[in-house]
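Please examine the following assembly chain by chain. The explanation considers the chains, their contacts and selected helices in turn.

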Amino acid sequence: MTDFFAMGGYAAYVWSAYGITLLVLVVSAWTARRRRLDALERVRQMLLQQSPRRQATVRTME
Amino acid sequence: MNSAFVVILRRDLQIAFRRVSELANPLLFFVIVASLFPLALSPDAAQLRSVGTGVLWVAALLSSLLALEGLFRADADDGSLEQLMLSPVPATITALAKVTAHWLVTVVPLVVLMPMLGLLFYLPLEALPVMAFALLLATPTLSVLVALGAALTVSLRRGGSIVGLLVLPLTAPLLIFGTRAADLSLHGESAAGPLYLLAALAVFAVALGPLAIAAALKVGLD
Amino acid sequence: MPLPRWFHILGSPPHAYRLAEVCRPWAGWLALLLLVGGTFAGLVLAPPDYQMGDSFRIIYVHVPAAYLGTRLYLLLAVAAAIGFIWRIKLAHAVAASVAPLGAAFVIVAMATGAIWGKPMWGTYWQWGDARLVSWLVQLFLYVGYMALHASFDDRDKADRVSAILAVVGIVNVPIIYYSVEWWTTLHQGPTIMKFDRPSIKDDMLIPLLMMIAGFVVCFVWLLLNRLQGEIVERERDARWLQQLATEPGK
C-alpha cells in the first residue's frame, strides 16, 4: 500500500499533479453549479418582489 | 475610394502634428524604458548584448501601445468617427487610413530610434540595419493589432487598461520572429527566414485587419 | 444565409434550457464514472513505464486537460462567430460559458505539464517548448475574452465585441503555435491519435482514453450548468422562465 503512495519515488509529482487537477475540477463544478442555482434564485426573488399574487404562489410551493 | 483614404490620412497626420509634444511621448517612453534595463541588470557588456534585442523589441511593443488613445478615442468622443462611419466611405478604408496614420506617426520613428538605442546595449553595428529592417517589416502588423485593440475598446471609458492584455499576446509571433532575425544577424548568419515570415504576417494583417477593425468600430459605436 | 429550421428551434432558449436540464444529470454521473474509473485504471492498473517509472501517470490528467484546453478555443470562436453573424443570442451564451472552462483546463494542462517537466526534463518550465508557450498565450486569449466581455455594461455589445476578439484569436492560434514551434521544439510528439502505429501499449492507452472521455463529458456537464445559468440571466424577463422558476421542486 505504501508502495502505491510512493509512486516509485515520484510521489510528490504525481500526487500534486492529480491534486491540482482535482482541485480545479471541483472548484469548476462548484462554481458552475452555483451560477445556475443562484441565477434561478435571483429570478425567484425578482418575482417575489413583483406581485403579492406571485408571492402566494411561490410560498405555497415551499 | 483612393482619395477618401488620402483625405482621412492627411487629416489624421495634420491633427497629429498639431501637437508635436504628444507625438514625442511614445518615443520618449521607448528611450526611457530601454535605458532602464541596463540600470536594472548590470553594466556587463556581454550580458547586455545578449538581452539587447529582446529588451528593445519589448520596449517598442509597449511604446506603440501608448499612442492607442489618440487613434480612435478623440474622434469617437467628438462624434466625428460616427460621421465617418455613416458616410459613404467604406469603414475598412477609414480603418486602413487611420492605421496608416498611426504607423507613420508612432511606429516608423521607432524604426529609426531602435538601432540607435542598440548601441546602449553594445550591439555590433553590423547587426543594426537588419534589426531596423525587421522592425520595419513587423510594424504594419503591429499597427493593425494596436488599432484592433483600440477599436474593440473604443466605447469603454477606461479601455486603456485592458488593451494591453488583449493586444500583447497577439504580438507574440512578431516578437519571436523579430528578435530571432536580429540575433541571427548578430551571429553573422542570414536572417532571411524570419524576415520573410514577418513580411508575410504584414501582408496578412494589412489585408484582413481593417475588416476586423471596421467591424469592431461599428459595433462599438452603435 | 438562411439556416435550417431545427437550428432555430435548438437556438431558442427555452428549448435549449429544457434539453440541458434533461442531459445534465446523465452527463454528470457518466463523467464521474469515467473519471473515477479512469483514475483507478491509470494509477493502479496501468504498469509503470520502463523509462519514466510512475511519473508517467501524470499523462492521465495532463493530456486530457491539454486536449480540451486547446480545442475549446475553437468552440468558443465558432460559437461567438455564429452568434455574431446570425445574431443568435444562445450562441453567445455558449461562448461565454466555454471561456472560463477553457481557461481552467489550460491552467491544469500547464500546471501538470510543469510538474511533469521536472522529473522528465529536469525543469518546471521550458520556454523552448512550443506547446507550453502557446498554451500560455492561449490562456491570455481566454482571459482576454472574459475581461473584454466583462468591461461592457451592455450585454449585447459585450457579446459582439468579444466575438470579434475571439475570431481574431482563432486566426492567431495557429500562427502563434507555429511561430513558437519554429523558435525551438522540445516537446515529445503526440502519443495518441496515431492509428497506424500507436506508440504506447494498450494497457497504458485504455486509462488514457477513459480519462479523455471523462474530461470531455465532465466539460459537457460543466458547460450545461454554466449555459443554463447564462440563459436564466439573459432571459430574466421571459415568461417561460418565470413559469419555470415558480414550479415546485426546482
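The paragraphs below move from the conventions to the chains, then to the interfaces, and finally to local features.

The model is predicted, and for that reason local features are reported at a pLDDT of at least 70 and side-chain atom pairs count only at pLDDT 80 or more, whereas totals for chains, interfaces and linings use all residues. Residues are numbered from 1 along each chain as its sequence is written, while chains are lettered from A and ligands numbered from 1 in the order in which they are written.

Chain A contains three helices and zero strands; helices (H or I, at least four residues) and strands (E, at least two) are DSSP runs, numbered from the N terminus. Its elements follow the pattern α-α-α along the sequence. Of its 62 residues, 19% count as buried. A residue is buried if 20 or more other C-beta atoms lie within 10 Å of its own, exposed if 12 or fewer, and partly exposed in between, with C-beta atoms placed from the backbone. A:Val26 is located in helix α2 (residues 11-50) of chain A. This valine, A:Val26, counts as exposed because it has 10 C-beta neighbours inside 10 Å. Between A:Val26 and A:Val43 there are 17 residues of separation in sequence and 26 Å in space, C-alpha to C-alpha.

Chain C has eight helices and zero strands, which run α-α-α-α-α-α-α-α from the N terminus on. Buried residues amount to 47% of the 250 residues in chain C. Two residues are in contact if their C-beta atoms, placed from the backbone, lie within 7 Å. Among the contacts in chain C with a separation of 6 or more, 76% join residues 24 or more positions apart.

The contact between chains B and C takes 19 residues from chain B and 19 residues from chain C. On the side of chain B that touches chain C, at least two residues each are supplied by α7, α8 (160-170), α9 (172-186) and α10 of chain B. That side of chain B divides into 16 nonpolar residues, one polar and two charged. Chain A and chain B, by contrast, do not touch, and their nearest C-alpha atoms are 23 Å apart.

Within chain B, one helix pair illustrates the packing. Two packed helices are described by the angle between their axes and the distance between the axes. Helix α3 (residues 45-66) of chain B packs against α9(B) at an angle of about 145°, with the axes 9 Å apart. Axes are lines fitted to C-alpha atoms, for helices over the stretch in contact, and angles run from 0 to 180 degrees between N-to-C directions. B:Thr53, B:Gly54, B:Trp57 and B:Leu61 in α3(B) meet B:Leu175, B:Gly178, B:Thr179, B:Ala182 and B:Asp183 in α9(B). The classes in this contact of α3(B) with α9(B) are four nonpolar, four polar and one charged.

α6(B) bends by about 40° at B:Leu104. In α10(B), a kink of about 35° lies at B:Leu208, shortly before the proline B:Pro210.

Two loop residues remain. B:Tyr122, in the loop between α6 (91-118) and α7 (128-152) of chain B, has a positive phi near 60° although it is a residue other than glycine. B:Tyr122 is partly exposed, because 16 other C-beta atoms lie within 10 Å. C:Arg87, in the loop between α3 and α4 of chain C, is not a glycine and has a positive phi of about 55°. C:Arg87 counts as exposed because it has 12 C-beta neighbours inside 10 Å.

Note on methods: The bend at a residue is the angle between axes fitted to the seven residues ending there and the seven starting there. Ala, Val, Leu, Ile, Met, Phe, Trp, Tyr, Cys and Pro count as nonpolar, Asp, Glu, Lys and Arg as charged, and the others, Gly among them, as polar.
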